[in-house]
Amino acid sequence: MSNIYLYALLGVGLFILGIYSLIVYANLLRKILAINVMCTGVFLVLVSLASRNHNVQPDTVPHAMVITGIVVAVSATALALILMLKINKAIGKSEFPDKDCE
Amino acid sequence: MDTRPWLLLPLLLVLGVVLSYAVLSIPDPAQELPTMLTDNMTISGAHNPVSAVLLNFRGYDTLLEMGVLLAALLGVWSLDEMPIYRGSAPDQILDIMSRQLIPVFILVAGYLVWAGADAPGGAFQAGALLGAAGVLLRLCGWRVNNRYSGLPLRVLLVLGLAMFVMVGTGALLIGSEFLRYPPTVASELMLIIESAATLSIGATLAALFLGGRPKGEE
Amino acid sequence: MELILGQIPWIVMPIIFPLIGSMACFLFPAKAKSLGLLTSLVVLACVTRLGWQLKALGSLRYPMGGWGAPLGIDLYADGLSLLMLLMAALVGLGISIYSSSYFSRDKARHFWPLWLFLCGALNALFLSADIFNLYVTLELLGLTAVALVALAGGADALIAAMRYLLVSLLGSLFYLLGVALIYHSVGSLDIAILAQRVEPSPAMWTAVGLISTGLLLKTALFPMHFWLPPAHASAPAPVSALMSALVVKASFYILLRMWLEFFQTQGAAFANFLGLLGAAAVLWGGIQALRQTQLKLLIAYSTVSQLGYLFLAFPLGTSIAWKGALYMLFSHAMAKAAMFMAAGNIQFFAGHDRIAELGSITQRLPLTLTAFALAGISLMGLPPSGGFIGKWLLLQASIESGQWWWGIILLLGGFLAAGYVFKVIAHVFTHDEPTSRTVTLPATMEWSALGLALIAVLLGLFTYWPLAMLEMGSPFGTGHSG
């Protein structure tokens with residue numbers, strides 16, 4: 001029972017950590033990774049809470065949702081990485097140019 | 001420049017506490033949906049509940065998700081041409097190993113699709129494996145023959161989504177709802193969709209890794 | 001014939017056809033233009049036909065895969081979704097016609113499949129009744145929109161696209177975490193079932209907060225609008241048009257739908273907060289628009305301002321207020337698309353969009369300027385125009401519910417809009433020598449802008465149909481007064 005909530009809390013922690021890194025670090029690769037860490041956090045919350053009830057099988061709908069989510073995350077990450085490479089080619093660094101980083 | 005707004009940490013702390021409290025205080029779930037899932041498993045055509053949800057009950061989500069994957073590829077292709085890979089020629093060990101490994105990858109991918117009906121597995125796992133095989137091949141210096149990098153490659157990339165849409169529309173044509181599989185052939189249809197999706201996912205992931213459209217496309 | 005047409009599930013067609021069209025464009029890039037135009041026409045026809053069905057039925061629920069909620073995913077259409085679909089189909093057709101001459105050959109082959117994907121994602125979003133399915137459509141919409149912004153190619157556009165992508169993903173993740181909390185506390189993903197079962201609990205409040213934050217970020221409500229002006233201004237003109245007219249409305253639609261179905265019970269303080277942010281957006285966006293020196297940035301800030309109006313309906317909460325906001329949304333879509341297209345024409349013709357140097361160009365493009373001016377009338381809210389009707393309804397709602405202060409925002413916003421529209425129009429009346437540039441502007445690009453601007457104005461004359469449409473299936477309930 002309790003370790004399930006431990007995983008869920010870990011998910012929340014990853015989510016928060018992701019937001020922190022997304023805002024604090026200027027490097028685009030770090031921002032992209034931060035988004036991925038946030039994704040993992042959300043997935044962990046989704047999956048861990050699915051098996052709260054010990055008497056029955058874990059609910060499988062969240063599992064399917066996570067699989068869908070992973071594919072979405074992979075697609076978005078791929079697009080983001082290519083965009084980052086293009087930006088690097090155009091302005092010579094993988095950062096937003098001015099100080100208003102996101 | 002990295003920025004550390006002073007307000008950020010307290011804000012995130014509050015958010016963290018609120019989220020943790022929400023997660024811990026979450027009320028007990030209604031058990032109706034899992035029960036319905038189990039009741040309908042037999043007519044869904046799959047014995048693995050996750051596969052049944054992905055391909056049948058919530059197949060429409062998976063259809064759109066194949067769309068997301070294709071859209072990401074369209075985006076990547078619109079941005080750039082495939083960069084020239086400047087790796088040195090693979091040494092002998094890598095060369096031999098990859099020749100041994102690729103068939104195994106393909107075999108395991110085939111097994112995963114097949115097993116997906118009854119056990120954990122399925123199109124995404126198998127597709128990821130195929131994608132990895134593609135990446136490995138690429139890193140060993142292999143490239144797609146120009147003859148296949150046009151229409152044949154594009155057909156392979158849209159195959160998964162196209163098969164999904166075709167099966168869905170086929171159901172419309174015989175007068176039932178979009179994406180409703182007739183129970184007698186449900187498992188066969190799902191296997192066809194999964195196989196097509198596996199090929200597309202594998203090809204798309206490998207193409208995403210290559211990072212651009214094939215040369216000479218314009 | 002009628003029998004056969006009546007049996008076709010028109011509700012799935014606006015989703016299937018763009019997907020098929022997109023794949024066909026990808027497979028046969030040489031035919032992409034005609035395939036794209038054809039798809040846009042077919043989508044408009046399907047939406048019209050769906051409207052016909054809804055006129056008789058009021059609302060429509062369709063089980064994808066035949067399972068039905070909660071096991072499967074349902075589509076749901078009523079007057080509200082129909083209005084959004086019609087908006088997307090009309091603007092979509094305009095954009096397709098415009099784009100058929102705007103893009104060079106090599107850009108066109110990337111534009112069409114992405115644009116049709118985006119069109120399918122929009123329609124899927126407006127029809128979905130499942131909160132996780134909405135997440136998937138949001139992501140499909142976001143990724144295609146980012147790729148389209150980046151299509152412009154320059155460093156500005158790439159950076160704007162990157163910022164937009166990160167913001168969009170951040171918004172989606174907030175939304176998804178909210179969905180996770182809702183699913184685990186209620187046990188369903190279907191909006192109608194949720195509406196019956198939702199009970200106030202800490203998890204539910206948190207979920208509402210997360211989902212709202214994510215969607216507001218994507219809708220670019222002040223002060224989370226920072227990503228919008230660069231993304232909308234640096235994109236190719238037709239993409240700017242579809243971003244401002246359609247894409248930001250999608251996340252607003254989800255928020256509105258959830259608000260009407262089950263968020264409403266979560267407290268009036270939140271509604272007032274949204275109204276305040278909306279008011280701030282109207283003023284801030286308007287002031288920023290006045291300060292811009294580049295035409296496309298001016299129009300983009302005008303979008304920030306116009307989006308603010310939509311949120312004034314939340315504290316009012318009456319049926320008239322919602323109708324007013326949706327009337328604003330619909331006419332803004334037409335007007336803003338027309339305006340970005342007109343700006344695109346000017347940029348195409350002059351090679352730049354610096355407002356100060358427009359004098360010599362505008363006189364050479366009378367049709368484009370007419371489109372810009374007509375669109376401007378609707379944005380200012382002068383009669384006769386859709387913008388006027390929308391503001392009128394909102395004003396009426398604010399007086400009826402005794403919250404007259406929201407009415408003042410409507411008037412102030414109108415003055416600001418007049419300011420920035422005239423800042424551009426004024427250049428027609430200068431004595432600058434008409435430029436001797438001899439760029440020929442394709443007629444389709446001028447007429448599509450003019451067509452959409454005309455619809456924005458005509459919406460002020462023909463109000464019966466749009467308002468009757470919003471009654472279908474009574475999406476605003478019957479008794480939510482003030």
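**View 1. Helix 12 of chain C and the elements around it.** Welcome to this predicted model: we start where helix 9, helix 11 (237–263), helix 13 (295–311), helix 14 (313–316) and helix 19 (405–425) of chain C are among the parts that cover the buried residues of helix 12 of chain C. Those buried residues include C:Ala271, C:Leu274, C:Gly275, C:Leu277 and C:Gly278. Further along the helix, C:Ala281, C:Val282, C:Gly285, C:Gly286, C:Gln288 and C:Ala289 are buried too. Helix 12 of chain C runs over residues 268–291, and its 24 residues should span 34 Å at 1.5 Å a residue. The C-alpha atoms at its ends lie 35 Å apart, which agrees with that expectation.

**View 2. Where chain C meets chain B.** Here 57 residues of chain C are in contact with 55 residues of chain B. Together the two chains bury about 4,600 Å², and carbon and sulfur atoms give 75% of that area. Look for C:Phe26, C:Trp67 and C:Leu71: they supply 17% of the area that chain C buries against chain B, more than any other three residues.

**View 3. A salt bridge between chains B and C.** The count of salt bridges between chain C and chain B is one. In it, the side chains of B:Arg58 and C:Asp130 come together, with 2.7 Å from N to O. On the side of chain C that touches chain B, at least two residues each come from helix 2 (13–27), strand 1 (60–64), strand 2 (73–77), helix 5 (105–127), helix 6 (131–150), helix 7 (155–186) and helix 9 (202–219) of chain C. Sorted by class, that side has 40 nonpolar, 13 polar and four charged residues. Seven residue pairs are in polar contact between chain C and chain B, both residues being at pLDDT 80 or more.

**View 4. Where chain A meets chain C.** In this view, 37 residues of chain A are in contact with 28 residues of chain C. The area buried between them is about 2,900 Å², with 86% given by carbon and sulfur atoms. How many salt bridges are there between chain A and chain C? The count is zero, while three residue pairs, both at pLDDT 80 or more, are in polar contact. Helix 1 (2–24), helix 2 (28–48) and helix 3 (61–91) of chain A each give two or more residues to the side that touches chain C. Helix 3 of chain A provides the largest share, 15 residues. By class, this side of chain A has 28 nonpolar, two polar and seven charged residues.

View 5. You will find A:Leu46 in helix 2 of chain A. Is A:Leu46 buried or exposed? With a relative accessible area of 1%, A:Leu46 counts as buried, because buried means under 20%. Beyond its neighbours within four places in sequence, A:Leu46 is in contact with A:Pro62, A:Met65 and A:Val66, and also with C:Ala180 and C:His184 across in chain C. A:Val72 is 26 residues from A:Leu46 along the chain, and their C-alpha atoms are separated by 15 Å.

**View 6. C:His352 in its loop.** Our last stop is C:His352, in the loop between helix 15 (319–350) and helix 16 (359–362) of chain C. C:His352 has a relative accessible area of 13% and is therefore buried. Its side chain reaches the backbone nitrogen of C:Arg354 at 2.9 Å. Leaving out residues up to four places away in sequence, C:His352 touches C:Ile346, C:Gln347, C:Glu357 and C:Ile361.

How values were computed. Residues are numbered from 1 along each chain as its sequence is written. Chains are lettered from A and ligands numbered from 1 in the order in which they are written. This is a predicted model: local features need pLDDT of at least 70, side-chain atom pairs count only at pLDDT 80 or more; totals for chains, interfaces and linings use all residues. Side-chain values use heavy atoms; hydrogens and water are left out. Contact means heavy atoms within 4.5 Å. Buried area is the accessible area (1.4 Å probe) that two parts lose on being put together, summed over both. A salt bridge is a side-chain nitrogen of Lys or Arg within 4 Å of a carboxyl oxygen of Asp or Glu. A polar contact is a pair of N or O atoms within 3.5 Å; within protein, one must be able to donate a hydrogen and the other to accept it, and residues adjacent in sequence count only if both atoms are side-chain atoms. Helices (H or I, at least four residues) and strands (E, at least two) are DSSP runs, numbered from the N terminus. Ala, Val, Leu, Ile, Met, Phe, Trp, Tyr, Cys and Pro count as nonpolar, Asp, Glu, Lys and Arg as charged, and the others, Gly among them, as polar. The expected span of a helix is 1.5 Å times one less than its number of residues. Buried means under 20% relative accessible area, exposed over 50%, partly exposed in between (1.4 Å probe, protein chains only).
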